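Reader: Could you walk me through this one? I would like to go slowly and ask things as they come up.

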Amino acid sequence: APHTRATSPESEHAPAAAAAGGRACPGSTLPYPRRAQPAPHPSRPPSRIRRRLPRARRRVPPPRRRRGRPLRGAHLPAPQLWVRHRPARARRPGGPRGRGGVPLRAGHALRRAPRRRGGRRARARRHRLPQPRAGRLLRGQHRRLLPRAGARITRVVVGLRHPLKHLRGKAIQSLRSEGIQVDVVGEDLQSKLFKEALTSCLIVNAPLLYRAAFRVPFSVLKYAMTADGKIAASSGHASWVSGRASRGRVFELRGRSDAVIVGGNTVRRDDPRLTARHVKGHVPVRIVMSQTCNLPEEANLWNVHEAYTIVATQRGARRDFQKKLAMKGVEVVEFDMLNPRDVMSYCYDRGYLSVLWECGGTLSAAAISARVIHKVYAFCAPKIIGGVTAPTPVGDLGMNQMTQAIDLIDVSYEQIDRDMLMSGFIQPIPDLSPVIPSADEIPSVDPEVSPYETNIISFYKTWDTFGAFSNFSPHPIDMPDEKGDCLTWPTVEHYYQAHKFVGVDNPQANDIVQEIKQARSPEEAARIGRTRQREFPELIRPDWESMKIDVMYRALKCKFSTYAHLTEMLLSTAGSVLVESSPHDLFWGGGREGEGLNYLGRLLMQLRSEILGTV
Ligand SMILES: Nc1c(N[C@@H]2O[C@H](COP(=O)(O)O)[C@@H](O)[C@H]2O)[nH]c(=O)[nH]c1=O
């Protein structure tokens, strides 16, 4: 999937990782410490960072219920109620959910739905199968639907398989065994048209895919700003920036979300209701993130008859006030460390599929930095409010170069009355628990980093905040060749891949070097380098395994000393552990579970120390 797939800058080293682990690299002038884990000690924290689930302490009020009125919302505190008490007609994004709100396959949901006259199950039974004609599209996901209609169907085209293999079922297999031709878009069918079709399928299924791939709910950041980029006047007054039609669209967005999140500031300043009141359908849970719990005694959000409200706060904050909230029916959840990632993990555990962030700039910046925002909806109204202190949609992200800006992808533009809606995806970064060097290793890798320092900067894709650290970043380097002549290489990746074949006394090896040098992109250079390495192992320079780290280090040194802003960026990370968060490359990258050796991160830390004059 474009939004989940990651291209690895180096993957051929995976088998080498095990071999290299625990060995000092022969021929290397750099100290590459052993990666052997220190002997476990009961008082020591583990040497790899694991995502810590919040030890949330919940004050769960009894659900309020008026006589004769069903409980609303899909996420009532008692888990056994989540499905049973959902209004029959509630439309849920991404399809029906089972216990704990976990998305179900369509077939699963239909079988389990309550037997009710005119209810979902009854409707499913009555569902009249479309009579297939040649070339006509039969829509539907229920795996029973197709075999029953199969007598007259000769071909089935599948848009997208379920991202989680164990939830895929056997529909394709059983159809094929019945002699029906089944083609999966992107697998069996590949053309420009099918690529577009696949993109549409992926976008439509984004919440399901993101939840499955990243184990957090699909998160959308929405804001409304003036043409001069303000979300309110300097006084904080914000009613209204966007027009009525745009606000109607926001109700739709809320109606498609499981939760709407705001910070304490928004509650204090706007006293929002955060309901989907003008659209019929699902009512999202409202979540307030407030570290201090310094929230007003009276607020629209405490009216839980309108929608369920959760206050997420720091452990121990204003306990008396917490009790008052609980008395009103508001659920309070305490976190050891209140931050967007832990709140998202919590929402994931609660079964939420998609979440809408309607917060101000401070919280949105924290959420973007924590990499939990996946999509942005920016409503822009044709107004100018001005004001140096007037708030903007996203606070400080620590970037100082325009090249560091996060590029949105799959962007759409839509005019809504007088406003413009721009939406796009933030390219996701794999959620990793990267290895940080062990206590013994850290001082030799980077004296700035204290043992078990948890401040980790991950980089991988070139559009990441620290994407310029990637070898794919578009920074040409001038490097001397064997004869001492200066040659320009488009990227570090070009240089590194080509040097697998440099110095080999064979014209074919020389051709490969030229082929890689002329590759139009670092991706292409990597592909050629790896393919040729597999095809012609005899053309690889014999000392490659022992030299590759030095080759890389020389290239990195050149890159970071050529571009002053890169040196600045590297130095700005002093005190943090750098991890190339490649899920595939276990030699240069940190791996998916932190199992990688992270040599690229180590080299950058080494270089940083060298520039700082600390080695
Ligand atoms: N001012 C502003 C927005 N502000 C957002 O909407 C919230 C108010 O929601 P509610 O109380 O349910 O109407 C507010 O707290 C803030 O999060 N939204 C928009 O679409 N357009 C606007 O101009």
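**Talking through the model**

Author: In the protein chain, buried residues make up 51% of the 615 residues, where buried means under 20% relative accessible area, exposed over 50% and partly exposed in between, with a 1.4 Å probe and protein chains only. This is a predicted model, in which local features need pLDDT of at least 70 and side-chain atom pairs count only at pLDDT 80 or more, while totals for chains, interfaces and linings use all residues. Residues are numbered from 1 along each chain as its sequence is written, and side-chain values use heavy atoms, with hydrogens and water left out.

Reader: How many helices and strands are in the protein chain?

Author: The protein chain has 20 helices and 16 strands, which are DSSP runs numbered from the N terminus (helices are H or I with at least four residues, strands are E with at least two).

Reader: At what angle do the axes of helix 16 and helix 17 cross?

Author: The axes of helix 16 (residues 507-517) and helix 17 (residues 522-535) cross at roughly 160 degrees and come within 8 Å, the axes being lines fitted to C-alpha atoms, for helices over the stretch in contact, with angles from 0 to 180 degrees between N-to-C directions. Helix 16 is therefore roughly antiparallel to helix 17, a label for angles over 145 degrees.

Reader: And which residues make the contact?

Author: Helix 16 contributes I512, E515 and I516, and helix 17 contributes A525, I528, G529 and R532, with contact meaning heavy atoms within 4.5 Å.

Reader: Switching topic, where does M422 lie, and which residues does M422 touch?

Author: M422 lies in strand 12 (residues 419-426). Leaving aside residues up to four places away in sequence, M422 touches V376, Y377, A378, V411, S412 and Y413. The C-alpha atoms of M422 and Y377 are separated by 5.9 Å, although these residues are 45 apart along the chain.

Reader: Why does M422 count as partly exposed?

Author: M422 counts as partly exposed because its relative accessibility is 32%.

Reader: What about the backbone, which residues does the cis peptide bond join?

Author: The cis peptide bond joins S239 and W240, with omega about -5 degrees, and W240 lies in the loop between strand 4 (218-226) and helix 9 (244-255).

Reader: What is phi of D417, and is D417 buried or exposed?

Author: Phi of D417 is near 55 degrees, a positive value in a residue other than glycine. D417 sits in the loop between strand 11 (408-416) and strand 12, and D417 counts as exposed because its relative accessibility is 58%.

Technical notes:
Parallel < 35°, antiparallel > 145°, perpendicular 65-115°, else oblique.
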